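Visitor: I have a structure open and some questions about it. Can we go through it piece by piece?

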Amino acid sequence: MKSSAFLINVARGNLVDELALYEALKSDSLAGYGTDCWWMYTSGIPATYHFPTPSRTGVQHLPNVLGAGAQAAGGIWEIFDNDIQEYAAESLTSFVRGEKMAREIDLKLGY
């Protein structure tokens, strides 16, 4: 991919090589990453853990990464009943332009 490209993954986290992605984002070989899916690990997480680790590399903390905690779509019918699509487009546009997003998640606060 070009260094100006954004990789958008809405399929499965494991389709993307996590370490290669992290290194590409850190070295500016890739402009950004957007996703609503994360890697599933077969070890290292207790079966009772309520939310899997998004990344072992910490890719979710990089400034050029935009991601949802689980499925961005949630229940598909709920999308048509509110402004979620508009919010997503607004956030993605702000992110690509390098502007502050109106509904940015604060990872330190956890929401």
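Guide: What follows covers confidence, the fold, the sheet and an aromatic pair.

Visitor: What kind of model is this, and what is the mean pLDDT?

Guide: The model is predicted. The mean pLDDT of the protein is 79, and 76% of its residues reach 70 or more.

Visitor: Where is confidence lowest, and where highest?

Guide: Confidence is lowest in helix H2, residues 76-79, where the mean is 55. Helix H1, residues 18-26, has the highest, at 96.

Visitor: How many helices and strands are there?

Guide: The protein has 3 of each: 3 helices and 3 strands. Along the sequence they follow the pattern β-α-β-β-α-α.

Visitor: How do the strands pair, parallel or antiparallel?

Guide: The pairing is parallel. The 3 strands make an open sheet, in the order S1-S2-S3.

Visitor: Which strands stand at the edges?

Guide: S1 and strand S3 (65-67) do. Each has a single partner strand, so one side of each is left without a neighbour in the sheet. From one strand to the next, the twist averages 10°.

Visitor: What joins S2 to S3?

Guide: Strand S2, residues 32-35, runs parallel to S3 and is joined to it by 3 bridges. As for what faces what, Tyr33 stands opposite Val65 in S3.

Visitor: Changing topic. How many aromatic pairs does a search of the whole structure find?

Guide: The search finds 1 aromatic pair. The rings belong to Phe6 and Phe95, with their centres 5.9 Å apart and their planes at 75°.

Visitor: Why is that pair called edge-to-face?

Guide: Planes over 60 degrees apart count as edge-to-face. The planes of Phe6 and Phe95 are at 75°, so the pair falls in that class.

Visitor: Which parts does the pair tie together?

Guide: Phe6 lies in strand S1 (residues 6-9) and Phe95 in helix H3 (residues 84-97), so the pair links parts that are 89 residues apart in sequence.

Visitor: And Phe95, buried or exposed?

Guide: Phe95 counts as buried, at 14% relative accessibility. Phe6 is partly exposed, with a relative accessible area of 32%.

Visitor: Back to the whole protein. What share of residues counts as buried?

Guide: Of its 111 residues, 28% count as buried. The protein exposes about 8000 Å², and carbon and sulfur atoms supply 57% of that area.

Visitor: What about contacts between residues at least 6 apart in sequence?

Guide: Among those contacts, 62% join residues at least 24 apart.

Technical notes. Residues numbered from 1 in each chain as written. Predicted model: local features only at pLDDT ≥ 70, side-chain atom pairs only at ≥ 80, totals over all residues. Heavy atoms only, no water. pLDDT = per-residue confidence, 0-100. Helix = DSSP H or I, 4+ residues; strand = E, 2+ residues; numbered from the N terminus. Buried < 20%, exposed > 50% of the residue type's maximum accessible area, 1.4 Å probe, protein only. Contact = heavy atoms within 4.5 Å. Areas by Shrake-Rupley, 256 points an atom, 1.4 Å probe, with all protein chains shown as cover. Phe/Tyr/Trp six-rings, centres within 6.5 Å; stacked < 30°, edge-to-face > 60°. Pairing = 2+ DSSP bridges. Axes fitted to C-alpha atoms, helices over the stretch in contact; angles between N-to-C directions.
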